[in-house]
Every structure is written in C-alpha cells, then in structure tokens.
Amino acid sequence: MTRLEVCTILLWTRLRVEKAPPAAGILPGIPYSYGPDSMSDRTTHFGFRQVPLEEKARQVRGVFDSVADKYDVMNDLMSLGIHRLWKRFTLERSGVRRGQRVLDIASGTGDLAARFARMVGPEGEVVVSDINASMLEQGRRRLLDQGVAGNIEYVQADAERLPFPDNHFDCVSIAFGLRNVTDKDAALREMYRVLRPAGRVLILEFSQVTLPGFRPLYDLYSFRMLPLMGKLIANDAASYQYLAESIRMHPDQETLKGMMQAAGFERAEYHNLSGGIVALHRGYKL
C-alpha cells in the first residue's frame, strides 16, 4: 500500500461531527457551484456539463440503472464503510417513534428504510420511494431478504412531484439523493407540503469539505480513485466520474440551509460529518 493510500484511509476514517460553516477556498481547476441549483431557464447541470432540463432525469436514471447491482458494494468501498456511521447518526437525530409514518425519498437499497421500519413498529408505516425502478426493485429485494415487511410500502415517485396528500408524514428523509434532483427547490417544497405540522425533514448528502488542508487530497481521491474503482468493480467509470462532479455542483452547507428556510422549514440546522465530506441538514414544519 502506498503512502498516499494510507493517508487517504486515515483521513476518511476521521469521523467528525461539528456545526461549522464551510471552509473558504476552491482548488484551482475544479469547478464548484454554491448557487441554489445552477439552473438557467432551459438547462441545468449534469455533473460539470450543462444539459437540457428534461434530459437530466433521464441521464441520472441511466447512471443508477448501470450501478444498481453493485450499489451496496461500491458504497462500502468508496466510504470504507463509514456511510453506515453517517446513516446511524441520521437515524439517531430523526426523532422517529412507534406508530409514526415516514417517507424515505431516493431510498436506494433501503438502509434507512429498514431501520425506520423497526423504529415505527407494526403500528407505523414506512414508504420507500425512488424515481428509479431498478433501485426500487433492488431495495425491495434487499428488505425482503432481511425480513422487513408488513409496515412498508414501495412507491416509484419523483421528489419534485410527490404523489402523497398534504400533512401526511411525521418524518421525511432523503440520503444521498438530493444532489441528483433537477429542481431542488421544488423537491424541498414538496417535502414541506407532505409533512405534518411538527414533522421534520432529514437531508443526508455529500457537501463541501471543511477540514483544513484536506480538499486537495479529497479531490485527488474523488477524480482519480472513484472512477478507477467504478471501472474495476462495476465496469462503469463514467457513473463514478459523475458522482464526483455532482458532489462539487451541489449547494454548500449554508446555501442548502437557506434553501430549506425558503421552502418554509424552521429551526433549520446542519451537522458536518467527516470534516464536511457529508452534512446532515434537519428542519421542521412548525
């Protein structure tokens, strides 16, 4: 193992929980976007490329169709398993109780949904939602294999147009999915709409690094190692190149907090995890 690989592993395993604004400074040559959604009237970003608005959802769907079978394996490899700690932190701050109703958007293979189903018990309900049919099927199979059934439903849905009534859920979560949404403001308004009064939203997402001096190494890992792992494990370097690019184009911590407030959420806050590699945002409908 090279010295660079050892340093990368050590830095990734430093799980930090802190409330802090994102660090200033951008690595030259790597575009970062801190705007609400970087959309013009007719185009939006797909990674670093501008594409027609109607094309982004199709291209994102293609990415997840391609990686669905290797999704869990790649998550463990890319984060060295730390994604499980990020999700555990999210669950601990969800406030979900027995008998409540939870919506998990962009549920993927159902890591959060499985735990939520146990937390709400047989009296409660968890709705597993994903816009991608391949990912939704992977999640359904995985949860059934774990024996998670009876209080869980599966709905293919677009986060920008949720097919649920107003004031319906006690908690709405979305983990590593918001950056793939074309109109994030619309999705946040929909999350607010379907929440009951006193309900809360949890947004776990890659964010902007705050750990001093870490950004160059993180960029090297993101743009060199992630596509290489994607090629070797999933036979798909392009999808993991998109992953690295989509993270850089996602709104930073403070910008996303402001977008949540604009959508109506109160007491909006965020916690940086692993030096800002990931952030958990939480807000309430009061």
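These questions and answers walk through a predicted model.

Reader: How many helices and strands does the secondary structure of the protein come to?
Author: The protein has 286 residues, and 56% of them count as buried. Its secondary structure comes to 10 helices and 10 strands.

Reader: Among contacts between residues at least 6 apart in sequence, what percentage join residues at least 24 apart?
Author: Contact here means heavy atoms within 4.5 Å. Take the contacts between residues at least 6 apart in sequence. Those that join residues at least 24 apart make up 74%.

Reader: Which residues of the largest nonpolar core touch the most other members?
Author: The largest nonpolar core has 42 residues. Another core, of 26 residues, lies apart from it, with Val172, Ala187, Met191 and Ala268 among its members. In the largest core, the residues touching the most other members are Met78, Trp86, Val126, Leu204, Phe206, Ile277 and Val278.

Reader: Which residues does Leu204 contact, leaving aside its neighbours within four places in sequence?
Author: Leu204 is among the core residues that touch the most other members. Set aside its neighbours within four places in sequence. Its contacts are then Trp86, Lys87, Thr90, Ile174, Ala175, Phe176, Leu273, Val278, Ala279 and Leu280.

Reader: Is Thr90 buried or exposed?
Author: Thr90 sits in helix α4, residues 83-92. Leaving aside neighbours within four places in sequence, Thr90 contacts Leu202, Leu204 and Leu280. Its relative accessible area is 1%. The cut-off for buried is under 20%, so Thr90 is buried.

Reader: At what angle do α4 and helix α5 pack?
Author: Two packed helices are described by the angle between their axes and the distance between the axes. For α4 and α5 (residues 111-120), the axes are 10 Å apart. The crossing is right-handed. The angle is about 35 degrees.

Reader: Which residues of α5 does α4 meet?
Author: The α4 side supplies His83, Lys87 and Leu91. By class, the contact has four nonpolar, one polar and three charged residues. On the α5 side are Asp111, Leu112, Arg115, Phe116 and Met119.

Reader: How many nonpolar, polar and charged residues are in the contact of α7 with α10?
Author: The crossing of α7 and α10 is right-handed. Lys184, Asp185 and Leu188 in α7 meet Leu256, Met259 and Met260 in α10. These residues divide into four nonpolar, no polar and two charged.

Reader: Are α8 and α9 roughly parallel or roughly antiparallel?
Author: Helix α8 (residues 215-234) and helix α9 (residues 237-249) have axes that come within 7 Å. They cross at roughly 155 degrees. Angles over 145 degrees count as roughly antiparallel. Therefore α8 and α9 are roughly antiparallel.

Reader: How many nonpolar, polar and charged residues are in the contact of α8 with α9?
Author: The crossing of α8 and α9 is right-handed. The α8 residues in the contact include Tyr218, Phe223 and Leu226, and those of α9 include Tyr240, Leu243 and Ile247. By class, the contact has 10 nonpolar, three polar and four charged residues.

Reader: What is phi of Phe176?
Author: Most residues other than glycine have a negative phi. Phe176 lies in the loop between β7 (169-175) and α7. At 11% relative accessibility, Phe176 counts as buried. Its phi is positive although it is not a glycine, at about 55 degrees.

Reader: What separates the C-alpha atoms of Gly199 and Ser94?
Author: Gly199 is in strand β8, residues 195-206. It is buried, with a relative accessible area of 2%. Leaving aside neighbours within four places in sequence, Gly199 contacts Asp170, Gly283, Tyr284 and Lys285. Gly199 and Ser94 are 105 residues apart along the chain, and their C-alpha atoms are separated by 10.0 Å.

Key:
Residues are numbered from 1 along each chain as its sequence is written. This is a predicted model: local features need pLDDT of at least 70, side-chain atom pairs count only at pLDDT 80 or more; totals for chains, interfaces and linings use all residues. Side-chain values use heavy atoms; hydrogens and water are left out. Helices (H or I, at least four residues) and strands (E, at least two) are DSSP runs, numbered from the N terminus. Buried means under 20% relative accessible area, exposed over 50%, partly exposed in between (1.4 Å probe, protein chains only). A crossing is left-handed if the near helix is turned anticlockwise from the far one by less than a right angle, and right-handed if clockwise. Ala, Val, Leu, Ile, Met, Phe, Trp, Tyr, Cys and Pro count as nonpolar, Asp, Glu, Lys and Arg as charged, and the others, Gly among them, as polar. A nonpolar core is a set of buried Ala, Val, Leu, Ile, Met, Phe, Trp, Tyr and Cys residues joined through side-chain atoms within 4.5 Å. Axes are lines fitted to C-alpha atoms, for helices over the stretch in contact, and angles run from 0 to 180 degrees between N-to-C directions. Angles under 35 degrees count as roughly parallel, over 145 as roughly antiparallel, 65 to 115 as roughly perpendicular and the rest as oblique.
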